[in-house]
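Please describe this protein model for a reader who has not seen it before.

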Amino acid sequence: MRCCIAVAVLVLSGATRHVDAQTPQAAQNWGKARPAITVQPDGLYVAEAEEFQPIAPQAEGWQAKPFGENYYAATFANCFLSRQAFLGAPAQCEESVATINVDIQEAGRYLVLVRYEAAYRFETQFRVQVEQKGKKVVDRLYGARKNVKVWAFRQKLQTEVGWSWGAVENVVWEGHNVFASLQPGPAVIRLIAGKQPTPAAKRNVDLVMLTTDVDQVNMRIEKENYLPLDGMLTQSGDVHLKVTNLGAEPLKFTGGRAPSGGNWTEHSPYWVHLRNWKAPVIEVAPRQTSDWVEVGGLMDTLSGGQWSWTGNGKYKAEFGLKNPQGKIEPLAVFTGDGDLKLAADGDTRYSRRLRTTDAVVYDLLAWLKKENPAPHGKAPRLTPIFGYTFPAIEGNAKHQAAVAEFKQMFGLTDTQGGSTRGLGYIDVRSVATPKLAEYCQNLGAEAKQIRVVSLGDEISLPRPKGDAAGEQFHAWLKSRGLKPADILPAAGNAWEKIIYSVDPKLKDSQPGVYYWSMRYLYHYGIQATKERTDILRKHLPQAAIGANYSPHYPQEHMFLGEVYKWVSVFRENGMTLPWSEDYIWQVAVGTPQMNNINLDLFRAANRAHPERDVMYYVMAHAPNNTPRQWRRLFHGAVGHGATMINLFEFRPVQTAYTENHVDEPAMYGEVLKSFRELGTYEDIIQQGQVKAGQAALWFSETGDIWGDSKGSHAAAKRGLYTAIRHQQIPLDFIVEDDALSGVLSQYKVLYLTDAHVSSAASTKIAAWVQAGGQLFATAGAGMFDEQNQPNATLRNLLGVQQQSLEEPADKQIIWLKQDLPFTASMATVDWPVSEDPPEAVAMPVYSVRSRITTTEKPMAMFRDGGPAVVVRQAGKGKATYCAFLPSLSYYAPAIPQLPVDRGASDDAMVHFLPTDFDPQAAALIAAPAEGLHPSVLCSQPLVESTVIESKSGTAVFLVNWTPDRVSDLKVTITLPGTGKKAKLASGAPLKMETGENGAQVVTLDLETADVLIFR
């Protein structure tokens, strides 16, 4: 393939970037210097809001701001801003006005369309005025909740939308029916922000667009799948091209091919927009130069991308940028023969940058070497680190060397056969099971280097299909010693009456059939997967076999994975490599700390196979994730058992495949720093095990079958997990089989949230409590058995009889950050804090209340009557029943009423770390664990600690789940082998002394995360 062989770039290229602090000022300068917006070559008038000029600029009024400081800033979905900047005003301010001039070329009725952010449940009001010849032809309030807007994802025209996955990508258009009758000549557009009703959110305006093409607007609203009208946004009129033919033959210079047509590869988020793109064919005679050709209309404004051109001979391609006065100025010059692959920005008028694609890695390496963000440590060599990064360009030795240097710098695993690390990675999702053995045999010598085999991405397990499912279902039931009457009492001995069906309608009419059908579905999925895994293990015995699980699906199980899929399939050797991802920085759960639930489920999966690895995507995608949050999540993942790291897409947008990329230089710096620190302790990780907990949180297939982890119960279970961790209680997860096999006896405390517990497991739990265990059950927990019948065993153990479970529809909580601040309490518990004199404090109750009767003396009462907390002595142990969801009470004061978002800064709500938790709820949750003696205690309880022990040393992970630096953190450690010399992986100073009873007390300053290493 011929390629561009010589390059002269007339602008500073700089490192990769997603948020440039100079962009708002560049936009303001552009707007100030341009006399008026004129019609683009595509017929549109597009007024970028960041170019509007504030009248009498004020600190609390309109200001131009960079992409990343807005609510919805990410690498995918509906989280993009045109030219990566916006005009913002605070939620409340005195009247602030910003203006821009427009020069109308033709008379007509123009739609006044505004693209902005509509925060869910919040007002984002601003006024738009269009004035011509002293007359306001439009004077309208935009951004009101009641206003009809154009919404993404086929929602078309609605007033407000809260997505089922959380209202975290609410960029909209408004004005589909707002017209301005304009005549040729000057006009002015004003944006006005001021006081607005509450709850109020910041006003973030992206642009104003005027068009007379009503038919196109209506067509797009009807047909576009993502955000309609976004496909109209290009850099039309900005960038121009002229070509000189340096050869002796006629030259054709034209655009290459891209997935969405034209020659620009979209990343906003990928090729989803309807585009009117057609690359020009520029024909140039020998030794001649073409006229300027407008090509900005082929470029996206919502994100950077790859821009491909090609010529059939030697050429000089000169790109120009039209300045605010309309004059074309030099931008970049490229000389070559054949393909010209360019890395372009979505805000070229501000960045003034255009590079060849190979320059992207050169610039990034130069930045890393200059900044030297990781002077301490060494590149990891024992830990497999996977990720898609720069593809080396064939025939370009300089680029190949730079890519190799980049991979080596970060310790990235080279997955190519014959690589020095020999850690190959293959994906067999497209290989049918009958062909799998042949596929493995054809790998030849490469087979010995395969370390990881992927069965797919974000998969579900196979499900039984067809008539054969019924016969197989019966055979499986018989193998378990079941009779028809055990499943359906009315069936007697007639197997023909037992029909496989997972229709939820059977829950009430035939609960046994539904339950056992679901059990068979689980069994079938595991065995069908195991069939493939067995073939792979035979031919690739050294390989770990798994598939990435999305923690987002099914949605009711978000970050509460289904047991059969997240635990049982691995215990039954259906796969051998647990594997998931940390996309928690995109959803409105209570805290990113909940990400560790995935890892703890996988530790439960590997309980019988501690030698097995855990693969985890710790994704540095930016914008959206931040360096500080990534560091927390990375240390959380490794500290909870991840032994293989996958970065997924680890390259800037101009070299990425689709919607995931890393455009923030500081993120590369943090990843490099953390990986080089990992290099100092990775032997402990690869040889050791996470120290077992003393308390356990219950997960079960029975609970999954009956949907016990849905809605408010799911939000509460995620909240309970973190509340337990905040009390510094060492915690593991256990499942039904662990109760039946005796593993439960290894724990002193069990937290139970599932309403349904099998009869067999209930018997084991009761015996465990009698022997001294401490059981803590939340509202509705343990009240029913596997066939949805009252669970007499656990009701008697807890000393309660549930009369009803109240779950008011208007008080349910799906997302803690999104819903809890808007949910009124449904009851109040008077929590006793003193017996003499009697004193109680109010604890609000949210979403769920269990109305019970009991013969025990309640520990606490609902204010309107009825037991709220019952503690019953049972043999040597105790059973506590909490007739509400205490973790919702725990989180209530800690979550402010702010818009949920998908932001790219540490102060974004998605990255918000709650700290102001309810102390009474905390005491209630901690009560069962009063007798425990954790091996690590931190003076700041929101610093989470985990321990990994191995023959070569001990690693104590410290992750700060507060937003602020913790100075003089005292870590008290009672572990064997920690009396030796200690150091921090970061290389930061520490002080170590001996405390009470020989404990080691280490004092240090903790920013976000670090690792104490004892050898």
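The report below goes from the whole chain to one helix and then to aromatic rings.

This is a predicted model, in which local features need pLDDT of at least 70, side-chain atom pairs count only at pLDDT 80 or more, and totals for chains, interfaces and linings use all residues. Residues are numbered from 1 along each chain as its sequence is written, and side-chain values use heavy atoms, with hydrogens and water left out.

**Whole chain**

The protein chain has 23 helices and 50 strands; helices (H or I, at least four residues) and strands (E, at least two) are DSSP runs, numbered from the N terminus. Its radius of gyration is 31 Å, close to the 31 Å that the globule rule gives for 1015 residues, so the chain is as compact as a globular protein of that length. That radius is taken over C-alpha atoms, and the rule is 2.2 Å times the number of residues to the power 0.38. The C-alpha trace spans about 95 × 70 × 70 Å along its principal axes. Of the 1015 residues, 62% count as buried, meaning under 20% relative accessible area, with exposed over 50% and partly exposed in between (1.4 Å probe, protein chains only). Among contacts (heavy atoms within 4.5 Å) with a separation of 6 or more, 76% join residues 24 or more positions apart.

**Helix α14**

Helix α14 covers residues 665–678 and reaches 20 Å from its first C-alpha to its last, close to the 20 Å expected at 1.5 Å a residue. The expected span is 1.5 Å times one less than the number of residues. In α14, 11 of the 14 residues are buried, including Tyr 668, Leu 672 and Phe 675. The buried residues pack against several elements, among them α5 (397–410) and β30 (644–649).

**Aromatic rings**

The whole structure holds 57 aromatic pairs. Rings of Phe, Tyr and Trp (its six-membered ring) pair if their centres lie within 6.5 Å; planes under 30 degrees apart count as stacked, over 60 as edge-to-face and the rest as tilted. Two pairs are listed here.

| Pair | Type | Centre to centre | Angle between planes |
|---|---|---|---|
| Phe 406 and Phe 650 | tilted | 5.8 Å | 35 degrees |
| Tyr 721 and Phe 733 | edge-to-face | 5.6 Å | 70 degrees |

Phe 406 lies in helix α5 and Phe 650 in the loop between β30 and α14, 244 residues apart. Both Phe 406 and Phe 650 are buried. Tyr 721 is in helix α17 and Phe 733 in strand β33. Tyr 721 counts as buried because its relative accessibility is 0%.
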